[in-house]
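This briefing concerns the structure shown below. The points that follow are grouped by topic.

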Amino acid sequence: TFVAETVGRSLERLGQSERPSRARGHLLIVGGADLIPVAAKAAAEAIGLRPAFERVVVLAPEPDRERRNELRATLEEATTGAELDFELLFGDASGDSGFELAGADRAAAILLMPLSSGPVAAEMADVETVQTGLALRDYLDERSAAPLVRLLFRRGRNVDAAWEMLPDEGWDALVGDRTIAALLRLAITRPERLADLPEVVDTKVRAGP
């Protein structure tokens with residue numbers, strides 16, 4: 001019985017193990033299951049406008065493995081019509097083993113997002129992003145790799161507080177509250193430009209005061 005259980009657990013772990021990505025020059029998306037489909041859809045639409053990547057590698061945290069089928073279906077839907085291949089991997093999304101699995105040092109660009117799924121406080125989500133960013137910084141430095149890196153934050157003040165720990169060259173932040181403010185400013189000052197932002201903002205404006 002002991003041998004059978006040991007072999008069974010070994011086979012289960014083997015079945016869950018991921019094959020390392022062999023991609024090169026790809027877009028790597030790192031984040032929790034709730035945000036990945038949105039990011040993949042945006043990437044597919046951007047690639048349709050200006051081809052840049054042929055492959056997207058998605059690295060999700062190990063706890064999201066149970067949602068593999070759901071994630072794969074949404075990724076397939078998000079990339080329908082785009083000349084784009086994607087790989088979906090699960091592992092340590094904030095450590096060397098996960099970055100190695102996803103070929104982070106060979107990527108052309110990397111998008112880091114919060115790792116938790118479900119309702120998460122903005123402060124906690126931004127802490128996760130910073131922690132992942134610091135781990136990725138060390139990983140890339142050790143391998144002398146310099147892809148473009150973008151980190152998704154919810155609060156601009158958290159970027160200001162943490163950015164001195166992160167590289168300036170090739171790294172930048174996408175900030176939720178500042179993006180919303182920019183869209184509102186655009187809607188007020190130049191509403192006609194909203195037509196250039198499909199899928200980002202509802203361009204239908206209700207007539208009336």
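**Briefing on the predicted model**

Asp 34 lies in the loop that runs between β1 (27-30) and α2 (36-49). The model is a predicted one.

**Asp 34 and its surroundings**

- Asp 34 has a relative accessible area of 36% and is therefore partly exposed, as this class falls between the cut-offs of 20% and 50%.
- The side chain of Asp 34 forms a polar contact, at 3.2 Å, with the side chain of Arg 67.
- Although 83 residues separate Asp 34 from Ser 117 in sequence, their C-alpha atoms are 5.4 Å apart in space.

**Strands β2 and β3**

- Strand β2 (residues 55-61) pairs with β3 in the parallel sense, over seven bridges.
- Val 58 has Leu 88 in β3 as its bridge partner.
- Strand β3 (residues 85-91) is largely enclosed by the rest of the structure, because six of its seven residues are buried.

**Nonpolar cores**

- The largest nonpolar core has 31 residues, of which Leu 28, Leu 59 and Leu 136 touch the most other members.
- At least two residues of this core come from each of β1, β2, α4 (96-101), β4 (109-112), α5 (122-142), β5 (148-153), α6 (156-162) and β6 (171-175).
- The greatest contribution to this core is that of α5, with five residues.

Key: Residues are numbered from 1 along each chain as its sequence is written. This is a predicted model: local features need pLDDT of at least 70, side-chain atom pairs count only at pLDDT 80 or more; totals for chains, interfaces and linings use all residues. Side-chain values use heavy atoms; hydrogens and water are left out. Helices (H or I, at least four residues) and strands (E, at least two) are DSSP runs, numbered from the N terminus. Buried means under 20% relative accessible area, exposed over 50%, partly exposed in between (1.4 Å probe, protein chains only). A polar contact is a pair of N or O atoms within 3.5 Å; within protein, one must be able to donate a hydrogen and the other to accept it, and residues adjacent in sequence count only if both atoms are side-chain atoms. Two strands pair if DSSP finds at least two bridges between them. A nonpolar core is a set of buried Ala, Val, Leu, Ile, Met, Phe, Trp, Tyr and Cys residues joined through side-chain atoms within 4.5 Å.
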